[in-house]
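Keep the viewer open while reading.

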Amino acid sequence: LELGDSFQLLLNEAKEKISHLEPWAKGIQRMPSTAFCILFRLFQIGLHRGHVETLLAQSSAYVRCLAYLYLRYVCHPSDLWNW
């Protein structure tokens with residue numbers, strides 16, 4: 001898959017499957033949540049500004065929060081206010 005295809009697939013999966021933003025899946029098992037698995041994959045593919053803006057423009061609050069989590073981990077703290 002090319003980067004654009006991979007990003008679009010992750011965006012679609014985030015819209016469909018994220019129901020909370022806790023790091024761990026609900027239940028007794030200690031598995032990472034869907035949101036944090038997608039967040040990890042976003043780190044792997046490396047987003048450019050356009051991708052982040054696309055995430056921030058989504059109607060889903062979970063997807064927008066995922067974008068802010070991404071920014072929190074990759075941006076210098078003083079640059080966060082620019083978003």
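Predicted model: local features only at pLDDT ≥ 70, side-chain atom pairs only at ≥ 80, totals over all residues.

Residues are numbered from 1 along each chain as its sequence is written, and side-chain values use heavy atoms, with hydrogens and water left out.

A search of the whole structure finds one cavity of 30 Å³ or more. A cavity is a set of points, on a 1 Å grid over the protein atoms alone, where a 1.4 Å probe fits but cannot get out; lining residues have an atom within 4 Å of a point. The volume of the largest cavity is about 30 Å³, counted as the space filled by probe spheres set on points joined across faces, edges and corners. Its lining consists of Phe 7, Leu 10, Leu 11, Ala 14, Ile 38, Leu 42, Leu 55 and Leu 66. Helix 1 and helix 2 are the elements that give two or more residues. Helix 1 gives the most, with four. Helices are DSSP runs (H or I, at least four residues), numbered from the N terminus.

Now the core. The largest nonpolar core has 20 residues, and Phe 7, Ile 38, Leu 42, Leu 47, Leu 55 and Leu 66 touch the most other members. Such a core joins buried Ala, Val, Leu, Ile, Met, Phe, Trp, Tyr and Cys residues through side-chain atoms within 4.5 Å. Buried means under 20% relative accessible area, exposed over 50%, partly exposed in between (1.4 Å probe, protein chains only). Helix 1 (3-17), helix 2 (34-45), helix 3 and helix 4 each supply at least two core residues.

Take Ile 38. Beyond four places in sequence, Ile 38 is in contact (heavy atoms within 4.5 Å) with Leu 10, Glu 13, Ala 14, Ile 18 and Leu 66.

Next, helix 3 and helix 4. In helix 3, Val 52, Leu 55 and Leu 56 meet residues of helix 4, including Val 63, Arg 64 and Ala 67. The residues of this contact are eight nonpolar, no polar and one charged.

Finish at Leu 69, in helix 4. Leu 69 is partly exposed, at 23% relative accessible area. Leu 69 touches Phe 36 and Leu 39, not counting residues up to four places away in sequence.

Definitions and conventions: Nonpolar A, V, L, I, M, F, W, Y, C, P; charged D, E, K, R; others polar. 1 Å grid on protein atoms, 1.4 Å probe; cavity = no way out; pocket = protein on both sides within 12 Å on 5 of 7 lines; lining within 4 Å.
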